[in-house]
Amino acid sequence: MRQGIIFKQEASTSKVVVSAPELRNRIGSAMIGLRDELYFIGGVVGPSRLNLSIRLLSEVNILSVGNERPTWRQGAPMTRCGGTVLGCTQLTL
């Protein structure tokens, strides 16, 4: 992901999957890919020129890229945590 645009890397080329301008101002969030889905977890929305406040995020946004048209959906939010994510891992049971 770079400047709100999500790329899929294939060999030596990159293909644009989707443009997500709402993620451009998100700082310190975790992003993990699992099968055909990308999970965006937590982070903060940083200050901008017009809004100087910093908002902690506890939300989880899921981007499904398996279909021809990528779709967004809301996941269950983090319960007690919010803000910058310092680590993210995949747990296999």
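**A buried phenylalanine and the sheet around it**

Good morning. At 1% relative accessibility, phenylalanine 40 counts as buried, because that word is used for residues under 20% relative accessible area, with exposed meaning over 50% and partly exposed in between, for a 1.4 Å probe and protein chains only. The model is predicted, so to speak of its basis: local features need pLDDT of at least 70, side-chain atom pairs count only at pLDDT 80 or more, and totals for chains, interfaces and linings use all residues. Residues are numbered from 1 along each chain as its sequence is written, and side-chain values use heavy atoms, with hydrogens and water left out.

I begin with the partner of this residue. Phenylalanine 40 and tryptophan 72 form a tilted aromatic pair, with 5.6 Å from centre to centre and 40° between the planes. The rule takes the rings of Phe, Tyr and Trp (its six-membered ring) and asks for centres within 6.5 Å; planes under 30 degrees apart are stacked, those over 60 are edge-to-face, and the rest are tilted. By this rule the count comes to one aromatic pair. Phenylalanine 40 belongs to strand β5 and tryptophan 72 to strand β9 (residues 71-74), so the pair ties together parts that are 32 residues apart in sequence. Strands are DSSP runs of E with at least two residues, and helices are runs of H or I with at least four, numbered from the N terminus. Tryptophan 72 itself is partly exposed, at a relative accessible area of 32%.

In what order do the strands of the open sheet of four stand? The order is β4-β5-β8-β9, with antiparallel pairing, where two strands pair if DSSP finds at least two bridges between them. β4 and β9 stand at the edges with a single partner strand each, so one side of each is left without a neighbour in the sheet. On average, neighbouring strands of this sheet are turned by 20° against each other, direction ignored; the axes are lines fitted to C-alpha atoms, for helices over the stretch in contact, and angles run from 0 to 180 degrees between N-to-C directions. Four bridges join β8 and β9 in the antiparallel sense, and serine 64 stands opposite threonine 71 in β9.

Two polar residues deserve attention here. Glutamate 37 lies in strand β5. Its side chain makes polar contacts with the side chains of serine 64, at 3.4 Å, and of arginine 73, at 2.7 Å. Such a contact is a pair of N or O atoms within 3.5 Å; within protein, one must be able to donate a hydrogen and the other to accept it, and residues adjacent in sequence count only if both atoms are side-chain atoms.

Asparagine 61 lies in strand β8 (residues 60-64) and is buried, with a relative accessible area of 12%. Its side chain is joined to that of glutamine 74 by a polar contact of 3.1 Å. Leaving aside neighbours within four places in sequence, the residues in contact with asparagine 61 (heavy atoms within 4.5 Å) include Phe40 and Trp72.

Finally, I turn to the loops. Arginine 35, in the loop between β4 (30-34) and β5 (37-41), has a positive phi of about 55° although it is not a glycine. Most residues other than glycine have a negative phi. At 77% relative accessibility, arginine 35 counts as exposed. Alanine 11 also takes a positive phi, near 55°, in the hairpin of β1 and β2, which has two residues between the strands. Thank you.
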